[in-house]
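Here is a brief report on a ligand site and a pocket. Please look over the sequence and the model first.

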Amino acid sequence: MRIAVIGSGYVGLVAAACFAELGHEVISIDNDVSKIDMLRRGEVPIHEEFLPELLARHRGHRLKFSSDLQEAVRQSTAIFIAVGTPSTEHGDADLSYVEQVSREVASAIDGYKIVVEKSTVPVFTSDWIRRVMLLDGADADNFDVASNPEFLREGTAVGDFLYPDRVVVGADTERCATLLRQIYEPLTSGEYYKQQSIIPNTTKANIPPKIIVTSTKSAELIKHASNAFLATKISFINAVANICEAVGADIKEVCDGIGADSRIGRRFLNPGIGYGGSCFPKDLKAFSSVARETGYDFRLLQEVMNINAEQRSRFLRKVRSALWTLKGKKLAVLGLAFKGGTDDIRESPAIEIIKSLRKEGCEIRAFDPAACERAREVLRDEGICYRQSAYEAAHNADALLILTDWPEFAQLDLPRLKSVMTYPIVIDGRNLYDPRIMAGQGFIYSSVGRADVHTPISRPNGKGEKTATASPGKSQ
Ligand code: UDX
């Protein structure tokens, strides 16, 4: 099938590369000419596992890059819209890019095509796209509008696309549904998984996904409701973690216990400093706003957002209680991205926490395996230094903060870490370590939903032992 994907951000670029991998002829469109030039030159603008391999494999063959939207539309049967839908100041989704693209698509339509929303959009967006396309002169018989939400997580987006739990297709005519079924057939029939040199699946068996065909409105709601449910799961477990801290229970044991119920499941039950990223915060606000417009006050979602914001404040309180005063303290920060495996810092809890710590006068030495450049551009603060490794960041630090769950942060050489720090204080916002191991290694360790470890520590100058329940700050 000939496919145009409009927008070459995270979702659009991954979708375009993966459609090419499934055997389709794809044109990836963006109005940012420099980005298109970059992609044509073979550069990869985002950090995403397996994306460089896919782009190298299909670039110039089944995958082309262009800024000419109208020509791409004329050449294609399926047009996927994957442009940004940022939050407005009122919290609802800004659909102006979707509208603009729909109008341009309308003016280029010259035969039957399907226009498919891939961006996360509120219910009724497909109706609006249809309406503006008709107003802009597209013939009603020449197109259908469909919704095909993506469930891609950044960092594992290629794997999520090629090995999905399900493919959701919202189409209001059989003709449109048939085309979408054909696009995903290599996955749903299992043919893709039988081929040589496919992108490997590291997490799941190669079971063909089921395709769920619904109305467009249902598909639009499936997307928002899925993200809202996952965010609710995270806020729920963060709230339970807070109770664990109050009563001396262990959140990991609690999560394992409740997650073993197959009706609940263990995934997305990891407590921490709250969810971030380009999707959950935006989608929660947008879904809440959609509900309000329909006359329903979805109060649960507001509480999910409140708990999420509170997790960051609670973490800052932990830092204060571990260090007493913050002014002038040298803090090592591991992690800037909103989660491990990505260079994306949009709505990253780590960035918000760093900003707060800087306001309180801390000096920050940060390390992230992928996100330092982006953080530097956004933070523009001379009080933040970027280091090349976790140990460099920890050098002479009064405490180390873990803010992103990169796998390498869970495998630090603890004796080495302790030897470079001024004080062996670790405040872990992602629960990457076992408190007993940290205690055994002589750290003062604080995490989320588990008892703090106040281990006896040797003073660096060797003048005897001191129980580290009081502030060990040198600056007293
Ligand atoms: C999410 C959805 O998972 C995906 O289906 C959708 O298409 C886009 O939004 P993404 O934003 O890439 O994907 O990241 P995800 O892995 O879902 O994590 C979102 C945030 O939740 C991160 O900040 C992460 O650290 C946090 N999180 C996730 C937790 O705090 N605890 C968990 O158990 C899981």
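**Ligand site**

In this predicted model, a backbone N or O atom of E154 sits 2.6 Å from an oxygen atom of the ligand. Taken alone, the ligand exposes 660 Å², and the protein buries 93% of that (Shrake-Rupley areas, 1.4 Å probe). The table lists polar contacts, meaning pairs of N or O atoms within 3.5 Å.

| Residue | Atom in the residue | Distance to a ligand oxygen atom |
|---|---|---|
| E150 | side-chain N or O | 3.1 Å |
| L152 | backbone N or O | 3.0 Å |
| E154 | backbone N or O | 2.6 Å |

The ligand is surrounded by 18 residues (a heavy atom within 4 Å). E154, K223, N270, K339 and R430 are the closest. Helix α10 (residues 216-247; a DSSP run of H or I, at least four residues) gives the largest share of this shell, three residues. By class, the shell has nine nonpolar, three polar and six charged residues (Gly counts as polar).

**Second largest pocket**

The second largest pocket holds about 380 Å³ of space. A pocket is an open set of points on a 1 Å grid where a 1.4 Å probe fits, with protein on both sides within 12 Å along at least five of seven lines. Its lining has 19 residues (an atom within 4 Å of a point). Closest to the centre are L95, P122, V123, T125 and W128. Helices α5 (96-108), α6 (125-135) and α12 (280-293) each supply at least two lining residues. The lining has eleven nonpolar, five polar and three charged residues.

**Basis**

Residues are numbered from 1 along each chain as its sequence is written. Local features need pLDDT of at least 70 and side-chain atom pairs 80 or more, while totals for chains, interfaces and linings use all residues; side-chain values use heavy atoms, without hydrogens and water.

Notes
Grid points are joined across faces, edges and corners, and a volume is the space filled by probe spheres set on the points. A polar contact is a pair of N or O atoms within 3.5 Å; within protein, one must be able to donate a hydrogen and the other to accept it, and residues adjacent in sequence count only if both atoms are side-chain atoms.
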